[in-house]
Amino acid sequence: MAKPLVFSFNGAELPLAMCKVERSDLYGFVETEALDEKGRKCSTGSLASDGQTLIGSRGTAIANLAHDGTWVEKSQLSPVDGDGKKLAAVPSSFAAPIPLNDTATIDEYLSHSIRSVYQMTCEGDAWGPLQAELKKGTIFSFPYSFRGGLQPDAAFLLLGADGNTFLAIGSPTKIEFVGLQQQVTAEEEDAGDGEGDEIDFGMI
Amino acid sequence: MGTINISNSKGRDAVVNTRSVRSALKVRWLDGDGRQASTVRLLKATLARDIESLQESAGGLDKVAQSLLDGDPEVDIENFGRALRETTRVFINPDGLMVHKVKQFEIVRNPDGSERERRPRKVAQQNTATETPLKWSGRMMKKSDAYNKFVFSNKLQIQHVNGLTYDFLFGIAKDLEEKDSLMLVGAGPKSNQPLIFNRGGSSYRGFLEGRTKGDQYCLILHLSNLELKAPSAASAREED
């Protein structure tokens, strides 16, 4: 069983089990199959620029080169941001309990692109007070990093419309207000009947 | 920067710009001298030297071991380790040869993996910047009802291209802000078809949100291809 994510709420520590929710779990999935003229299944690979070297899916590797072109191990390199400021590593969110102190508004939540979603569950009634808070519509926010790394993701703990608790992990976006002067370069009408068709996510 | 052809509540339409709002941390890696390091893609192995090819040339798996002892047939000293620049994605048949003509099929599977449908592959065409504008669906959903129903995995900011389209988009943003709602945006005559921004690209449901601040506006098209709900069967995977 995977390690639970532990939250600290109202002085109690709550270990919540994580279960990833994916499109394929809800709607199924589509596989693409390519057959040659004899009806045999083909795989994909890469053709090098010499026009004759065929490379399979695991036939390439990424190497790090120092400024003079010599081989260098990743561990010998240090990360900096765009301004050259050294980046410190953040610990994994599984290393210590996560305090649920901060909340986000709906607008703040909507300003993030959500990359992955987990259904959160807890054995017993220990998380009753947390669920009660979530039922009020509270969205808890905190930084999250699975393995630890250079920058944590933004994470939100919220109650879904179906009554389940979810952890949404994503990143902030560069949404900005624009005025008339911030013009961007570039370049029939038929009244719809607006019938309330169901939003079908399975068809996409 | 892309474009989108959208309509307002009066049925007027305009082609305006879309901008990606993704913000990724720019990380640079410095070497021991504090100078910028770089990455390069190297050739590690080719199909001509993989186990299947060696087996065929040696005349059986049992003879491969001896051929490895006798020489280095699995390594192409001239090529392995060289930097790869442009490569082309190709189809390869079971004989390890490049195939120029393939028939592609899509196999639609249920959540449990069982086959639902098998059909010839059809490449979806983009439908957001065509001559036919995306209609004003009028299907509003309060923000407080929508935020925990859908997973908004991507966003585009819609921006004007001239003074006329500034008024047009500001009006839409104001309208949506006053309703405190997201409006469903879809393609097709009933606005119920998914949005596809690039040929063969992913399809999404669109939800338009408007915010204003003085004479500035922010029109965001939230994109979703997933509802925020638990799978009916406990088939979801744990963190990988």
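Student: Which residues touch the most other members in the largest nonpolar core?
Tutor: This is a predicted model, and its largest nonpolar core has 27 residues. Those touching the most other members are B:Ile6, B:Ile158, B:Leu169, B:Ile172, B:Leu219 and B:Leu221.
Student: And which elements give two or more residues to this core?
Tutor: In chain B, they are strands E1 (2–7), E2 (13–20), E10 (150–159), E11 (181–185), E13 (203–213) and E14 (216–227), plus helix H4 (163–179). H4(B) supplies the largest share, seven residues.
Student: What is B:Leu169 in contact with, leaving aside neighbours within four places in sequence?
Tutor: B:Ile6, B:Val16, B:Ile158, B:Gln159, B:His160, B:Tyr217 and B:Leu219.
Student: OK, what does the second, separate core include?
Tutor: That one has 26 residues, and among them are A:Ile114 and A:Val117 from chain A along with B:Ala146 and B:Tyr147 from chain B.
Student: Switching to chain A: why is strand E11 (residues 139–144) largely enclosed by the rest of the structure?
Tutor: Because five of its six residues are buried.
Student: In what sense do strand E9 (residues 102–104) of chain A and E11(A) pair?
Tutor: Antiparallel, over three bridges. In one of the bridges, A:Ala104 is partnered by A:Ile139 of E11(A).
Student: And how many bridges link E11(A) with strand E12 (residues 153–159) of chain A?
Tutor: Five, and that pairing is antiparallel. Within E12(A), A:Ala154 is the residue opposite A:Pro143.

Methods
Residues numbered from 1 in each chain as written. Chains lettered and ligands numbered in written order. Predicted model: local features only at pLDDT ≥ 70, side-chain atom pairs only at ≥ 80, totals over all residues. Heavy atoms only, no water. Buried < 20%, exposed > 50% of the residue type's maximum accessible area, 1.4 Å probe, protein only. Helix = DSSP H or I, 4+ residues; strand = E, 2+ residues; numbered from the N terminus. Pairing = 2+ DSSP bridges. Core = buried A, V, L, I, M, F, W, Y, C linked by side-chain atoms within 4.5 Å. Contact = heavy atoms within 4.5 Å.
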